Structure formats: structure tokens, C-alpha cells
Amino acid sequence: MANKFEKLIDADNNSFYNYFNLVSENEKKLMVQGDLYEVLKNYTNGKNEIESLRKIVELIQETVTLDHSVYINVRESIGKSEFYLCNLEEKFTEKIKTKHYLFAKEIAINPESPNNFLTLNFEPFYKKNPSVRDTKSIGHGVQYLNKFLSSQMFTDVEKWKQLLFNFIRLHKYDTEQLLLNDRITDPEHLNEHIDIALEKLKEYDKKEPYQNFKHTLQDLGFESGLGKDAETYSASLKLLDNLLNSPDHISLKEFISRIPMIFRICIISIHGYFAQEGVLGLPDTGGQVVYILDQVKALEKSLNESLKESGLNIKPKIIILTRQIKNAGNTKCNVRLEKVHQTKNSWILRVPFREHNPKVTDNWISRFEIYPYLEEFVEDASIELLAEFGGRPDLIIGNYSDGNLASYLLSKKFGVTQCCIAHALEKSKYLFSGLYWNQLEEYYNFSLQFTADLIAINSTDFLITSTFQEIAGTDNSIGQYESYQHFTMPGLYRVENGANLKHTKFNIVSPGVNENIYFPYTNSKKRLKSIQKSIREMLFENKEDPEIIGKLDNPDLIPIFSMARLDKIKNLTALVRWFGESTELQEKANLIIVAGKVNAEDTTDNEEKEQIGIMHDLINKYELHGKIRWLGKLFRKDEAGEVYRIIADHHGVFVQPALFEGFGLTVLEAMISGLPVFATKYGGPLEIIQNGENGFHIDPVDQKNSTDKILRFIKKVAEDENHWNEISTNGINRVNEAYNWKLYTKNLLSQAKIYGFWKFATNMENEDMAAYLDIIYHMLYKPRAQKLLEKHYQRD
């Protein structure tokens, strides 16, 4: 049956082949959609586009030209790519296999590329697991898994009754037996004793504490953990009764979510500088630190509440596992153990990399070069975690590519549930990064990173993403995980079906912001008056400081504000260029940027050095010294919150011009502070902001439209001040309603328990995937990690 692409070709066959003749004549042999639109403009000579050709180009992600043939990557729909060969000599187009398309890409960059190297294909393993059926359900895996599990329980009653019974009986806290004791011997026995226990509980007041009927229930085979009082204990038993006799997905979710099975959580974040103050803006250190610290505080609170509701007097423990850096500057990254502020029992545990070349391992190491040290790091960390926890953790959460690989190694070692949070996968940030991996290896070591990502994606029990597009993109662009479906790294390996986007492991759980630090500028009672004066002096009053470049000749103009790391992807130099090339914008606004350092000699990060040089060149080129304040300072989180609010006091705007943004924590921070936000349409902000209602999308590669959009807003506000207030208020409401940590932690903990049950139920079935990943790790990852380590030995 013909699909959309084939039908469009049939509808206007002649135009199709004429157009692709032009494509084949182009000097670019590899073309992406933007290139194809340029060819289309030339084909129509600037006249009205041919509708059928426009629709064809909309479906194409990229093309490869070899001689008189064009190989085409067609994205028929979200998450679904198909590949075609267009033969221009004989005028026929046919569908081809993924490997043939990937081989064409390899030949395009190297005509002598061999066809007989390793191909990785995970599809056979995916067939053993349930998948969501439609595109709209991508990212809602746990909901589908609940329905699948409950239907299985209904279909194969005796098998699943026994599985559920065995699972419930497993649970202990150290040596303390929870939920069921050995007085209940099988599922039928459990059924009978539930009825008896429910009758007994009717004799007690609803709020009667568990301790007052504990012994009665123990005699029947029930232990602590199902409720704090007669009411909650009865509710748990009724849910269990429903599950055993007439299972449905709602009862399954509610009951499994009630089981006290998580007491110790290890959260891994290795690269950059991880500390509670003085690190934001340092190399490889940004929003992930804020995210994890806020996540931990919310998780601990939620864990305490759920354990209390279960009737257990147990203090949970969370450990953030990171790297100890000997030469940590003015940070605490050289301190082994540090308590997380505003928590009862959450800690940062820093484990050093084993010393190979001290000139490397004693210092910060780029996130692109960290991989050779991870296996030994995990070995050492596992010993320290056992000592700190007093046992193994119940849940391991990895962050970023390096932390996710470590979570794979640790969860395998401990045999516990693994969760991965990528935040931002590098592969989708760099065009053709897989294809040109060999040329980029010196700078980025993509061979290690992409292999680590493949292992993590396919090993983890569940994945947390902040947005839908992180998984599967939009109608017009591919998602971060989608980019791992099919790709090639010539000479190393090819990948077919590297990620199944409809797998039930994918879940969208959006984070929130720390409401104690980031809150509306209008909330004067909470504001930090003690630091406002010094911040205003830095931002608006031209206070001289060696870490600040520029001054404001007219401080009363609207401030255009941005705050981010100083790297290529954050794209702050583009914002300076936009401002510099718009005299109208300069007449109406000032530019204030908080980013990185202002002196290249103050950083060891080569990419940051490059961006610092570009910043200085642009400021000089456009003579912006009286119109810009560039602060190369590290603000504490509480200070950063007040920075946003002081900009809002001046009715400024926040601009986030990143080429790609995995989620966009600074977007949330700015919005909740009351700032109208203009943010990149590539990545998370596309879902955070409802364009024109509570903020604005901008295209960071379209300077004119982005500048015009900011200018239009500033002009409209000059005519009608209520317009600023309207967008500001809507932005605050958007964050309050959709992005909060309470909902996040409730969902994450519930999912961890459900996937823990799924892992228990299907452990034997997943052993073949584990063996496949083990081969990839030892045969692909480790040799390349060793090669990079040898390069580190040679450094002066």
C-alpha cells in the first residue's frame, strides 16, 4: 500500500524527477531539509512553489547523491523513517533497506568505505516487550505498561497471582520483614486472609494507629508497610484484593505505588563541578546542578511522606554520586562528603578518579573526555555507596551520557532498578556528528559518547524526559532519541533500530523550579533586600569590576537579558550580533548578559576561550561598550533569582537563543520571575512556551525574524504597558500549573516501583539483551576508552 511519499511522487512524477536532477547537480552531496528548500526556490525561479514538491520536501530529512542516484531519508511520520533510491537515469524510485541507505552515506564521504563492518540492531529484543500503539502515546509508557500488565494478569490468572505474591513477599527493610510474613503461604491463602483482616479492621476507628492492631494482623500474616492507620491499611488490602481477583490498570498502579520499596536512592552526576554554591557557569556546569539539587530535596520530602503514609518510621537516604576533584579552586568539589542543604538525610558523595596522569585526573576533565575513568570510578563508588547506605541502593538514577553509563554499570552490579535522564543528547546538536565522527573525535570523542548512549538507552528500566520532542521531535524535526534509531559511524559500526521510541520505558516527567529561590518579582515579602543594592549596581549602575565588560550610557532603556554557559550551543554570541546589527534595538534597549568569564586566560575550557574571543570581537566591531553589560561572574542561586527579578523590575525581557535546548530550566526560572521570555524553538522551550500567550518562540538561525519579534514586543509595550504585564502574568501561571516538583516526584517514585515490578516479572526474558549490551561494552566501548586513556598519559 503506497504511503504519503509514494503518492506524492505519483501525483507529479515529472516535477519530482526534474527537481531531483537539480538536487543531484548541487555541489553538496549530503543535503538536509534546509538545503532542499533552497534547491526548490531555484527550481521555481522564485515563483510560486509547486505544491506537490513542497509537500515532498517537508517529508525528507536528508538526501545523499551518488552519481546519477539520490538516496532519500523520508520521515513519513514522527518516529518513522523510510529510505528510498531515486534513479535519475532510468526514472524509478524504490524503497531500500536501512543498511543500504547508511552505506550510501558512507560512500558519499569516502568512496573506498567498506561495506562489511559491524551492524548493531536492537529490533529483535524490542519484539519481546510491549510498545505503545500510537504516536500520541509516546512518552506515556508507564500508563500503557500498567494496562498491559493488568491485561496479562487477567488473561493468565494463576501465573500472575503467583508472581504478584512472590513480589510482595520479597520486601524487607534491612532485616525487617514488610507486608507479608510466612503465615501466608500462597495466593489462595492470601485471598482468604485479606477477607478476615478486613473484617477485623472494621472493629477499629478509621484513624486508629497501625501499632494498636499490629499484632492482630501479624497473626494473620500481614506486616507493617500497608498503612499508617486502619483506614489506609484497609484501602491497601482492598486494592490487593481487586488485583488478585479482578485486576485493572488503576488498581495495579495504586497498589504498586503504595508498596514501600524505595528507601535508598543513588543519583549520579559526574561531569563538571557538582557543588551547592560557587559552581554555576564553570565549564560543563549549569542547569543540571540546579535540577538535581532541587530534585533531591523534592524526592526526599515525597519519600518521607509516602513512608509515613505506609506506617513506617524509616528515614530514607539519598546520595548524589559525583566526582571528587583535587584541584577544585574555590569550590567544595574536593570535599568527600557534604550534606545537601534543607534536607534531613541527603548527601553529596564525591569519589575521585583513580590517578593515571595526575596532571589530568587532579583537575577538571571535559565531559567529552571523561569516559576512560568511569569503570574504575564505578568500582570504587560501589564500595563507598555500600558503606554510606549500609546496603545496596534501591534505585539508581543516571544523568547525562556519562552518568547514564555509570548507572548501567552500577545497577548491573547491584541488581537494582535503573533510571536514565539524558537532559541533552549531544548527537542531535551536531550535524552529521555520527557520519564525521572520525574527524571530530579529537575534540568530542563521539565514538565513546554515542556508544555509551546506546548502552544506556537499551539497558535502563525506564527513561525520564522533560518533553515529548526530546524523544520524538515535532512534525518537522527529529527528536534527540529518534536520532539514535538509524545512523552510521563509518569504519566503526552502523546502527539499525538503536532506539524504540514506542517502548514503554519512555516517560515524560517535567521538572519544576525551586519556589524558594525563583518566584515572581511582585512578591516583595520574599525578596532578598540585602543583596538588591549590589546586584543593581552591577547590572544598571555601571559599577566598575574586572569581571564586567561595558557600561550603560542610558540605564533607563529596557534591558534585554540572558544568562547561560558560554558555549557554541547556548549561542549567546549570536544574541550580541543581533543586537549589534540592529540600530533600532540599540535605540530602545540595553543588552545585559551573565555568562562565563570575560578573560580567556581565566578558563581551561577551549570552547569557552573561543566564545570569549568572539564576544570581545563583536562588542568592539559594533561599538557596544556603552550599551552592554557582560558579567563574567558566578552568582549564587539566591542571587541569580534576584537578578531575574531586578530585570523584571525594569520591565525587561529574557532571551534564550540556544541552537538547541534539551529542556530549558532558565526559561522556567525567567518565566516564574515574571519576565516575558523569547526562547529557541529547537528543544524544550517549544513545549514550555505557548507562543504569543505566555512567551515567544524564536528561530536562532533566523536573525531577522528573531530581532523583529523582540522589537515588535518592545514597541508594543511602549504603546501599551499592559501587554508586558499580560505576558508576564501568563508566564507565571504557566509554570505554576505545569511545572512543579511535587507532581514530578510523585510520578518518578510511582514509575520506579512499577518498573521494579516489571523488572522482577520479566528478568529472565531480558537476559539476552543484557548479554548483547555486555558485548558492546567490552568489544566497542572499552577498547576506545583505553585508547583515549593512553592519550591522557601523554599530556604534559
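Predicted model: local features only at pLDDT ≥ 70, side-chain atom pairs only at ≥ 80, totals over all residues.
Local features need pLDDT of at least 70 and side-chain atom pairs count only at pLDDT 80 or more, while totals for chains, interfaces and linings use all residues. Residues are numbered from 1 along each chain as its sequence is written, and side-chain values use heavy atoms, with hydrogens and water left out.

**View 1. T460 sits in the loop between α18 (446–459) and β15 (462–465).** Helices (H or I, at least four residues) and strands (E, at least two) are DSSP runs, numbered from the N terminus. T460 is buried at 3% relative accessible area; buried means under 20%, exposed over 50% and partly exposed in between, using a 1.4 Å probe and protein chains only. Its side chain reaches the backbone oxygen of Q418 at 3.0 Å. Beyond its neighbours within four places in sequence, T460 is in contact (heavy atoms within 4.5 Å) with Q418, C419, C420 and K505.

**View 2. Here are cysteines in a structure with zero disulfides.** A disulfide would take a pair of cysteine sulfur atoms within 2.5 Å. For C420, the nearest cysteine sulfur is that of C419, 6.6 Å away. C266 has its closest cysteine sulfur in C419 too, but at 12 Å that is too far for a bond. Both C266 and C420 are buried, at 0% relative accessibility.

**View 3. Helix α9 runs over residues 187–201.** D186 caps the N-terminal end, with a side-chain oxygen 3.1 Å from the backbone nitrogen of E188. The buried residues of α9 include P187, L190, H193 and L201, and the buried set packs against α8 (157–170), α10 (214–220) and α11 (230–245).

**View 4. Ring pairs link F368, Y430, Y443, Y444, F446, F450, Y484, F487 and Y493 into a cluster.** Rings of Phe, Tyr and Trp (its six-membered ring) pair if their centres lie within 6.5 Å; planes under 30 degrees apart count as stacked, over 60 as edge-to-face and the rest as tilted. The count comes to 49 aromatic pairs. Y444 and F446 are a stacked pair, 5.1 Å centre to centre with 10 degrees between the planes. Y444 is buried at 10% relative accessibility, and F446 is buried at 0%.

**View 5. Charges sit over the rings of F487 and F519.** That takes NZ of Lys or CZ of Arg within 6 Å of the ring centre and within 35 degrees of the ring normal. K427 lies over the face of F487, 4.5 Å from the ring centre. The charged end of R645 is 3.8 Å from the centre of the F519 ring.

Note on methods:
Polar contact = N/O pair within 3.5 Å; in protein donor to acceptor, adjacent residues only side chain to side chain. Expected span 1.5 Å × (residues − 1).
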